[in-house]
Structure formats: structure tokens, C-alpha cells
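Q: Can you walk me through how to read this model? Please start with helix packing.

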Amino acid sequence: MKNNLFRQLVATPAGAGAFLLLAALYFAAALAPFLAPYSVSEQDLTRTYHPPCRLLWKDGRVHVQLYWNKDRTASAYEPVAGQTAPVAFFVPTQKNEKILGFIPCAWRFFSVEHPARIYLLGSDSTGRDVFSRLLYGAQISLSIGLIGICITFFLGICVGGLAGYFGGIFDHAAMRLTEWLMAIPGLYLLLSLRSALSSKFSDSGQIYIMIVLILSLLGWAGTARVIRGLTLSLRNRTFVQASEALGQTPWRILWLHLLPNLFSYLVVSATLSIPGYILGEAALSFLGIGIQEPSSSWGLMLSQAQEMKVFMLNFWWLLTPGAAIVTTVILFNILGDRLRDIVDPKFRMTP
Amino acid sequence: MLLGISLLVFFLMNLAPGDFLTPIKAQRDISPEYIASLEKEFGLNEPWYWQYALWLKHVAACDFGYSWSYKIPVTELLAQRAPATLLLSLCSLVFSWLIAIPLGVVAAIYKGSIFDRATSWLAYFSLSLPEFFLALLAVYFAAQTGWFPTGGLTSFDFEFLSLAGQLKDMAWHLVLPTVVMGVGNVAALMRVMRANFLDSIRAEFVTAARSKGLSENQIMFRHVLRNAINPLITTLGFSFSSLLSGALLVENVMNYPGLGQLTYQAFLREDAFVVLGAVVLGSLMLVAGNLLADLLLAWSDPRIRHEK
């Protein structure tokens with residue numbers, strides 16, 4: 001079933017493209033310590049709001065154009081004619097960073113000699129490399145969706161599945177609870193949960209966990225309702241009655257017999273709801289109550305782009321995290337729609 | 001339901017460290033007796049459910065408490081801010097309906113044409129665009145071109161303008177926030193409208209109307225459109241909810257003096273009564289929106305009206 005679904009997905013150009021691009025994004029995020037030329041918080045206060053560097057081909061290798069700061073107050077940079085620095089690949093570093101937290105990485109994919117700096121996507125208000133921060137931020141922004149969806153689905157399956165299976169008072173209580181949760185405007189609840197939990201979590205790792213928890217606590221209600229509905233419809237099928245007659249426990253029936261039948265729905269709905277988590281994290285960090293400095297996330301980077309200076313002086317490269325968010329969300333939506341078309345052709349939007 | 005929501009918010013606010021008296025306690029010129037009397041009045045030394053009961057008692061008398069950061073009663077504060085948010089929400093609702101319905105209808109009538117494909121891709125794209133990023137882009141656009149104000153609801157010289165000038169000024173400031181909040185809604189509504197319209201076109205009553213010899217225009221607009229629009233009205237209630245959440249972000253980015261901005265700032269200052277009042281008011285607007293949607297649906301769909 002699973003294998004089949006995947007093969008059908010890759011058979012369509014849109015599905016295969018979205019899947020490959022997403023895989024590349026996740027891969028890049030995982031390899032951030034290797035791919036990024038600088039670490040998350042490496043500042044250079046002499047190069048604030050540096051524009052993206054131009055790359056040149058000179059003497060048989062890639063060079064990066066050097067710039068000088070013409071006007072410090074306006075951060076106006078001009079290229080210095082003829083002055084470039086060679087870009088070196090596979091540079092050993094002393095920084096002890098680990099890929100995925102356990103593979104030590106002593107190399108950087110590319111870098112330039114010390115006094116010069118390479119800014120593929122410019123620098124921010126303290127001269128940190130936007131490209132490197134994008135990669136490190138992707139680790140947080142991209143993983144939050146996956147972890148969040150796991151927690152949500154676990155909760156949704158437990159509550160929805162049991163409610164649908166047992167019915168009665170439990171069903172009634174669970175459904176009223178979800179209705180109530182869904183009635184509260186999401187972001188307001190997010191804010192209050194955040195302020196309630198803020199005292200218990202302080203460092204960035206804990207904040208990350210807290211955000212995932214908050215987002216999943218908000219998201220499970222809808223999932224639980226749909227799973228309840230599906231369970232209800234499967235409840236009276238003969239194969240469920242047969243396993244009941246065999247004396248299997250409800251838990252076992254739920255996991256072994258009902259869940260596999262819900263599998264395709266779950267995959268589709270998971271893919272379509274991951275963007276919600278990415279956007280939720282971005283919104284929280286954007287408001288300044290999510291991921292904190294010096295860590296990086298896409299929403300946090302965007303919140304730094306909120307200054308008037310950025311708008312007035314046209315530092316457009318600080319808006320790239322937004323483009324990254326939009327791209328990821330679109331890719332997930334395309335992937336989800338493709339999967340839905342495969343699982344349930346009834347919903348096809350474009351016939 | 002409102003009770004439940006306010007109870008939850010109250011409980012959560014209570015878990016947070018400190019309370020709204022912390023900044024006052026830090027000021028030297030306020031006597032301890034005054035603080036003690038305040039603590040007694042709001043039951044701050046009591047457990048949280050007791051505080052909640054006290055708050056409810058006050059609310060029953062239409063007293064939402066006092067805002068310590070703004071130094072005015074909460075009711076007054078809400079009365080100042082809520083109309084702005086309501087205005088913005090209504091504007092973007094009207095905007096999205098006015099754009100989405102014609103687009104959806106045209107896309108459905110000319111199904112499979114270039115126009116249909118272009119709009120469906122555009123809808124796809126704008127559904128994936130987070131509101132706060134769009135707001136940022138809008139501010140960026142305003143700052144770069146200077147065509148629109150970069151934020152706020154009124155200009156500096158608002159007080160000195162004539163009535164017509166004031167209206168024009170406000171409308172000018174409303175353009176960008178309205179578009180930003182409306183775009184996602186336009187896309188969603190357009191897709192629903194297109195799907196509904198296509199469903200209705202295939203219905204039997206359309207064939208019947210055709211066989212009666214009605215003109216194509218009459219069929220499309222008097223028969224199909226009226227049927228296709230009903231599900232859209234049901235979504236009206238839901239769009240209120242997403243508008244309120246979106247307003248929180250958009251208002252903050254665009255510095256729009258509405259309920260969302262107020263709530264957010266009050267949160268940062270732990271101004272509990274303001275937050276509570278704003279959340280209750282927001283939920284009230286939500287319920288009212290749903291009620292309105294139901295009434296509208298009953299008005300437009302006789303099947304619902306005559307059902308017992």
C-alpha cells in the first residue's frame with residue numbers, strides 16, 4: 001500500500017518535482033554545518049546590511065567580488081573594481097559542529113580567506129550571513145512540522161479513534177472538547193499558552209520543544225474529529241465485528257484493523273497540515289515569542305526585517321526567509337494535493 | 001462557550017509568572033496600603049478560581065476591569081480598538097467576496113481555459129502565502145513607492161481634516177491592510193465558488209431551465225449562481241475566525257490600531273484584564289459572525305427556512 005502510493009506519486013511530474021525539491025530542502029537543512037560558510041551567530045559589525053556578493057570566474061576558479069562601505073549610516077556598499085577573493089572549496093575548520101547532532105563535521109563546503117567574507121544572500125543588521133542563517137533556520141522551521149504532526153496524529157488517533165470506537169459518553173465529551181478548542185481563535189490561544197508556559201522553559205532547545213507542543217495541542221482537535229468520523233463508519237463493518245467476536249482488545253482492533261484502513265487518509269492529511277505548523281512557528285517567532293536569538297528560524301529572521309531601515313533602503317535580501325517559507329508551503333501543498341488525487345480521485349480539482 | 005474560553009484564558013494567564021501589579025509594586029511613590037487594597041479588590045492573594053469568580057462578577061456589571069498599562073478602563077480601551085478591527089475585517093470580507101465570486105464564476109463558465117488555469121495557479125500561490133509575509137511585502141512596497149502609507153489608520157494631521165478628508169485619509173490607510181488580509185480569503189473562496197458552480201451547472205434544474213428556452217445569462221445568474229452561493233455563506237462564519245487570527249499578525253506588522261495589536265501588547269505587559277476583555281470580545285465577534293452567516297443562509301436558501 002505504502003510503496004504503491006509512493007510509486008504513483010513519483011509517476012506524475014508535479015508530484016515527483018515537489019518530492020525531490022522538498023527532499024533537497026531537508027537534506028540541505030540537515031547538512032547546514034557543512035554547507036553554510038559561517039556559523040549561526042558569527043557577526044561582523046563592520047559589514048552590516050552587506051548586499052549579496054557577486055561571483056566571478058577568474059584565473060580558472062570562482063572569485064567573490066569585494067565591496068567597501070561607502071556610507072556607514074546608510075550601509076551603502078560599492079564594489080571595488082578589480083579586487084576579488086578566491087573561493088575555496090572543502091575548507092577544514094576548527095569549529096566543532098555536528099551534522100544531525102552526532103556526525104562530526106570538520107569541513108566547510110566553501111569559504112573565503114579571513115578578512116574577506118562571502119555573503120551569498122547578503123548580511124543582516126549585525127553582519128551575520130543570511131545564507132548561513134537560512135540553512136540553520138531551516139533545521140528548526142522544517143523539523144517542527146514533522147515532529148508536530150507526529151504528536152498531533154498520536155493524540156488525534158487516540159482520542160478520535162477511541163471516541164469513534166466506544167461512542168457514548170466518552171464520544172460526547174471528546175467531541176464537545178474539540179468543538180470548544182476549535183472555537184477559540186487560534187493565535188489568541190497560542191499567545192496565552194505561550195505566556196503560561198514561558199516560565200518553565202528558558203533555553204533555546206526547550207523553547208523549541210515548547211513551540212512544538214503548543215502547535216500540536218492546537219492542531220489535534222480537527223484531526224481527532226475526522227478520525228472519529230472515519231472510525232464510526234468503519235466500526236460496523238464485518239471485519240471489525242469479526243475481530244470483536246474473536247475477542248481482541250479494542251486497542252488492538254484500533255491499531256491493527258482500523259488504522260491501516262485510515263492510512264491513506266492520514267498520509268494525505270499529514271502532508272496538507274505540515275504547512276500549518278511551519279507557518280505557526282514562523283508566526284510565533286515573527287512576533288518575538290518563538291525561537292529566540294541567537295538561534296535562527298525563518299520567522300525570526302523575518303521579524304528582523306521589520307525595521308523601517310530595511311524598507312527604506314531596499315535591503316530586499318532580508319526578505320528571503322519569507323520566500324523560503326512560501327516555497328516550502330507550496331511544495332507541501334502540491335505534494336498533498338497529488339497524494340489526495342491518488343488516494344481519492346473524487347476530490348480532483350482540475351479534471 | 002464564552003465562559004469556557006475566558007476560564008481557560010484566565011487559568012493560563014495565571015500560570016504565567018508575576019501579575020499586573022508587579023510593575024506598580026516596583027514604583028516607589030505608590031503606598032503599600034493602596035497596593036494591599038487593590039490586591040484585596042481583585043482577590044490576588046486568593047486562588048485563581050476565586051479571582052475568576054470575582055472577575056465574572058465585575059463583568060456581569062459590564063466592568064471589564066482597569067488597564068494598568070494604558071491607565072484607562074478596559075471597556076473604554078476596547079471601545080476604541082474594536083471598531084478598527086471590525087472595519088478592517090468587514091472591508092477585507094467585502095473585498096474578497098467582490099473579487100472571488102466573479103473570478104470563480106468566470107473560471108467555472110470557461111472551465112479549462114487559460115483564464116481558469118491562471119486563476120487556479122494564482123489561488124494556489126496566494127493560499128500558500130503567509131499573511132505576515134504579505135504584510136511585510138506590502139509595507140516594503142509602500143515604503144519603496146510611497147504610493148500608500150506604511151502603517152496606522154490615520155495620518156498625523158487627521159484631527160485637522162474635514163469630514164470628507166478624514167474619510168478619504170482612513171480609506172487610503174485601509175487599502176493595503178484590506179488587500180493583505182483579503183488575498184488568502186479570495187483564493188479560498190474562489191476555489192469553493194468554482195467547484196460549487198461546476199456542481200450546480202450539472203444539476204437537473206439547469207437542464208430543465210435550458211429546455212424551457214431560458215437565455216444562457218438567465219440560467220447562469222438567476223439559477224446557478226443563487227444555488228452555488230449557499231455553501232459560501234456557510235464559510236462566512238469560519239472566515240471570521242481566520243480573519244481575527246490574521247488580524248493579530250497583520251495589525252502588528254502594519255501598526256494598525258486594532259484589537260489584535262492591543263491583545264499582543266497587553267500580553268507582553270501581562271495586562272490580564274485587557275487580554276481577557278479582548279479575547280472575550282474576539283470570541284463574541286466570532287459567535288456573532290456565525291449567527292449572521294446562519295441568518296443569511298436562511299434568507300438566501302428557502303429550503304433551510306421551511307425546514308422544521
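A: Take one pair from this predicted model. The axes of helix α4 (residues 130–166) of chain A and helix α9 (residues 250–286) of chain A come within 7 Å and cross at roughly 140°.

Q: How are two packed helices described?
A: By the angle between their axes and the distance between the axes.

Q: Which residues make the contact?
A: From α4(A), they include Ile144(A), Gly145(A), Gly148(A), Ile149(A) and Phe153(A). From α9(A), they include Leu266(A), Ala270(A), Ser273(A), Ile274(A) and Tyr277(A). By class, this contact of α4(A) with α9(A) has 15 nonpolar, five polar and one charged residues.

Q: Why do such lists skip along the helix?
A: An α-helix has 3.6 residues a turn, so residues three or four places apart point the same way.

Q: Now the core. Which residues touch the most other members of the largest nonpolar core?
A: General idea: in soluble globular proteins, nonpolar side chains tend to be buried together. Here the largest nonpolar core has 131 residues. Phe132(B), Ala135(B), Leu136(B) and Val250(B) touch the most other members. Among the contributing elements, α4(A) gives the most to this core, with 16 residues.

Q: What does Leu136(B) touch, not counting residues up to four places away in sequence?
A: On chain A, Leu302(A), Ala305(A), Gln306(A), Leu319(A) and Gly322(A). On chain B, Val253(B).

Q: Turn to chain B. How many helices and strands does it have?
A: Chain B has 14 helices and two strands. Buried residues make up 37% of its 308 residues. Among contacts in chain B between residues at least 6 apart in sequence, 70% join residues at least 24 apart.

Q: Is helix α12 (residues 259–268) of chain B mostly covered or mostly open?
A: Mostly covered: eight of the 10 residues in α12(B) are buried. Leu262(B), Tyr264(B) and Phe267(B) are among them.

Q: And Leu163(B), buried or exposed?
A: Count neighbours. Leu163(B) has 7, so Leu163(B) is exposed. Its place is in helix α8 (residues 163–201) of chain B.

Q: How far apart are the C-alpha atoms of Leu163(B) and His223(B)?
A: They are separated by 43 Å, with the two residues 60 apart along the chain.

Terms used:
Residues are numbered from 1 along each chain as its sequence is written. Chains are lettered from A and ligands numbered from 1 in the order in which they are written. This is a predicted model: local features need pLDDT of at least 70, side-chain atom pairs count only at pLDDT 80 or more; totals for chains, interfaces and linings use all residues. Helices (H or I, at least four residues) and strands (E, at least two) are DSSP runs, numbered from the N terminus. A residue is buried if 20 or more other C-beta atoms lie within 10 Å of its own, exposed if 12 or fewer, and partly exposed in between; C-beta atoms are placed from the backbone. Two residues are in contact if their C-beta atoms, placed from the backbone, lie within 7 Å. Axes are lines fitted to C-alpha atoms, for helices over the stretch in contact, and angles run from 0 to 180 degrees between N-to-C directions. Ala, Val, Leu, Ile, Met, Phe, Trp, Tyr, Cys and Pro count as nonpolar, Asp, Glu, Lys and Arg as charged, and the others, Gly among them, as polar. A nonpolar core is a set of buried Ala, Val, Leu, Ile, Met, Phe, Trp, Tyr and Cys residues joined through C-beta atoms within 7 Å.
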